[in-house]
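Here's a quick briefing to read alongside the model.

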Amino acid sequence: MTLAVVALGQSIPGQPAQKPNEGGQPPAVGGVNTGGPHVAIHDDQHRPITAGGFVKTGPIVFEDIAEKAGFDKWQHQMGTPEKKYILETVGSGVGLIDYDNDGWLDIYLVNGSTYDAMAGKAPPPHAGLFHNNHDGTFTDVTAKAGVANDRWGFGIAVADYDNDGWSDLYITNFGKNRLYHNNHDGTFTDVAEKAGVALGNWSTGATWGDFDGDGKLDLFVPGYVHYDIAAPPSQGSKNVAFSFCQFRGVRVMCGPRGLPGEPDHLFHNNGDGTFTDVSKKTGTGDEKSTYYGLASVFIDVNNDGKVDLLVADDSTPNYLYLNKGDGTFEDASFASGYALNEGGRETASMGIATGDLTHNGLIDVFNTTFSDDYKPLYRNDGEGNFTDVSYQFKIAEPTIPFLGWGASFFDYDNDGWLDLLFVNGHVYPQVDQLDWGTSWKQRAILFHNTDGKLELVPAVEGTALAKVAVARGLAYGDLFNDGKVDAVVNNLDGTPSLFRNVSKQQNHWVALKLIGGPRSPRDGVGTVAYLTANGFRQRQDVLSGGSFASSSDQRLHFGLGPATKIDAVELHWPSGLIERVTLPGIDGIFTVQEGKGTPVTPEPRK
């Protein structure tokens with residue numbers, strides 16, 4: 001199969017020509033896919049490769065234990081099965097949070113809603129907070145905790161925004177968002193209105209980060225489509241052109257192209273429980289372009305000690321905002337190489353994975369995209385510059401048929417190299433009636449990192465990697481405190497998946513729970529940790545957000561391979577303090593508090 005690489009200014013087969021779009025409105029082209037049609041790929045049973053291609057034997061990495069764990073009664077629901085409108089298709093995220101500070105990760109599953117529920121004609125679907133019972137099972141404590149949401153939900157970002165030592169939840173919705181403050185007793189209170197972060201219309205994958213270095217976490221909220229539920233966009237309606245309601249010439253739901261975008265918002269944490277919208281002041285508001293934001297993450301991509309901001313935009317260029325250190329950002333999206341893929345073409349970006357793939361201390365970025373398009377891997381070349389190396393890494397062609405959502409880099413086999421997992425599912429139920437080589441329900445994709453090279457891991461029949469679902473949100477973390485990283489997936493209109501890591505390997509590991517001092521966020525968000533062992537230096541960052549509308553384990557997990565000792569651990573705190581710490585051992589989870597190590601004088605930047 002060959003990919004038709006189309007540069008801006010050239011035509012995609014079956015679509016009008018595009019023109020370069022820097023800082024302007026989305027291009028006025030027909031259709032909704034950003035890549036051209038591709039030849040259908042089938043397995044030996046003539047199944048689309050997205051729902052087939054399984055092997056009978058091979059390494060078993062994940063087992064789906066959702067039913068055994070107690071998730072089989074919880075059901076995600078969003079709109080109608082026909083998916084006539086874009087509001088019904090995006091799906092929801094998942095968050096991992098130790099809400100009761102017992103040292104075990106609990107799970108929060110965002111739910112959607114229905115038109116009848118929004119009109120008050122039916123009970124709304126509930127979100128789900130599941131308490132970790134420490135025995136491989138979870139208990140639904142949603143009602144007791146007061147976090148059902150009962151709105152049309154999309155995303156979650158976990159963080160301790162008020163530095164009281166207890167993690168809080170920010171939930172994004174169609175309609176007003178929620179900020180669930182942790183009451184320290186197993187319950188939460190929605191303070192979004194009082195805090196000034198409720199917004200309205202359609203918010204998606206938020207992220208927390210201390211962009212101005214005052215020790216308090218700020219909040220970025222991407223906007224997707226400005227949507228009117230009373231006048232939904234459909235073919236023949238006045239609010240959308242016919243050409244924006246087609247996929248490969250087949251009538252489908254309309255958008256996002258052709259629909260008005262919703263602006264993004266950056267909220268500064270005032271330290272008194274309230275926030276101030278500083279989107280315009282900081283240059284992050286997306287007011288002119290109103291691209292279709294789906295995911296975001298605060299992370300330091302140019303190693304200057306300040307968190308930058310990545311935004312994955314659907315069918316429009318991605319954003320990279322470099323932190324200038326004066327309370328504002330530089331829009332480096334196009335100059336950095338992150339706005340477009342290597343063909344100079346915008347992609348329908350759904351999710352973001354970040355991590356140091358090659359042990360050079362720089363954060364690389366992977367984006368999931370639409371079917372009929374490869375998923376770009378952006379190599380960090382330093383100083384905030386990126387190069388699309390998807391074909392060099394040989395991950396482009398295998399990903400083309402899939403429609404990707406949640407994505408994460410983590411080391412599933414503890415060999416010290418970050419692997420890549422992303423989950424998939426289409427937005428058009430109609431694809432199952434057509435021989436396009438793609439499918440409504442799709443399997444996950446796992447790439448194993450071998451010395452900086454990504455290799456596709458085969459999906460063994462009967463294992464989690466062979467499960468087909470309409471997957472959306474993905475979060476990773478060590479759910480069972482056994483030194484193996486697991487994953488939770490929120491499936492559109494289905495029950496969730498819990499990918500328990502059952503890989504057979506004897507490698508060592510260590511995990512760090514970081515506690516920031518008075519000049520850093522209490523939960524350590526924004527901290528960069530470097531660990532040297534086994535002959536190389538690894539990097540991990542404490543994050544809130546990323547993937548698709550999801551939030552993962554904030555403890556930092558390092559695989560050590562066969563190494564039985566750690567040579568060095570160096571922590572770069574958001575406050576600017578750099579210190580070395582000595583861990584008491586390996587194969588365990590250790591708490592490290594800022595200021596308890598040996599300070600290090602940073603090397604001057606070149």
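Ala471 sits opposite Asn491 of strand 29, in a pairing where strand 28 (residues 471–477) and strand 29 run antiparallel and are joined by six bridges. Strands here are DSSP runs of E at least two residues long, numbered from the N terminus, and two of them count as paired if DSSP finds at least two bridges between them. This is a predicted model, where local features need pLDDT of at least 70 and side-chain atom pairs count only at pLDDT 80 or more, while totals for chains, interfaces and linings use all residues. Residues are numbered from 1 along each chain as its sequence is written, and side-chain values use heavy atoms, with hydrogens and water left out.

- Strand 29 (residues 486–491) is mostly covered, with six of its six residues buried; buried means under 20% relative accessible area, exposed means over 50%, and partly exposed is in between (1.4 Å probe, protein chains only).
- In a regular strand, side chains alternate between the two faces of the sheet.
- Both faces of strand 29 are covered: Asp486, Val488 and Asn490 are buried on one side, and Ala487, Val489 and Asn491 are buried on the other.
- Strand 29 also runs antiparallel to strand 30, with three bridges joining the two.
- Val489 has Ser497 as its bridge partner in strand 30.
- Strands 29 and 30 make a hairpin with five residues between them, and Asp493 in the turn has a positive phi of about 55 degrees.

**Asn501**

- Asn501 belongs to strand 30 (residues 497–501), and it counts as buried because its relative accessibility is 2%.
- A polar atom of the Asn501 side chain lies 3.0 Å from the backbone oxygen of Val485.
- The side chains of Asn501 and Ser503 are joined by a polar contact of 2.7 Å; that term covers a pair of N or O atoms within 3.5 Å, where within protein one must be able to donate a hydrogen and the other to accept it, and residues adjacent in sequence count only if both atoms are side-chain atoms.
- Neighbours within four places in sequence aside, Asn501 is in contact (heavy atoms within 4.5 Å) with Val61, Phe62, Tyr412, Lys484, Val485 and Asp486.

- Four strands form an open sheet in the order 16-17-18-19, paired antiparallel.
- Strand 16 (292–299) and strand 19 (329–331) are at the edges, each with a single partner strand, so one side of each has no neighbour in the sheet.
- Neighbouring strands of this sheet are turned by 20 degrees against each other on average, direction ignored; axes are lines fitted to C-alpha atoms, and angles run from 0 to 180 degrees between N-to-C directions.
- Strand 17 (residues 308–314) and strand 18 (residues 319–323) run antiparallel and are joined by three bridges.
- Val311 has Tyr319 as its bridge partner in strand 18.

**Cavities and a pocket**

- The structure holds seven cavities of 30 Å³ or more; on a 1 Å grid over the protein atoms alone, a cavity is a set of points where a 1.4 Å probe fits but cannot get out, a pocket is an open set with protein on both sides within 12 Å along at least five of seven lines, and lining residues have an atom within 4 Å of a point.
- The largest cavity takes up about 390 Å³, where a volume is the space filled by probe spheres set on grid points joined across faces, edges and corners.
- Its lining has 34 residues, of which Thr354, Phe409, Tyr476, Asp541 and Leu543 lie nearest the centre.
- Strands giving two or more residues to the lining of the largest cavity include strand 16 and strand 28.
- The second largest pocket has a volume of about 460 Å³.
- That pocket is lined by 25 residues, with Asp98, Asn101, Ser167, Lys513 and Gln554 nearest its centre.
- Strand 31 gives the largest share of this pocket's lining, three residues.

**Strand 2**

- Strand 2 (94–97) is among the strands that supply at least two residues of the second largest pocket's lining.
- Both faces of strand 2 are covered, with Val94 and Leu96 buried on one side and Gly95 and Ile97 buried on the other.
- Four bridges connect strand 2 to strand 3 (residues 106–109), and the two run antiparallel.
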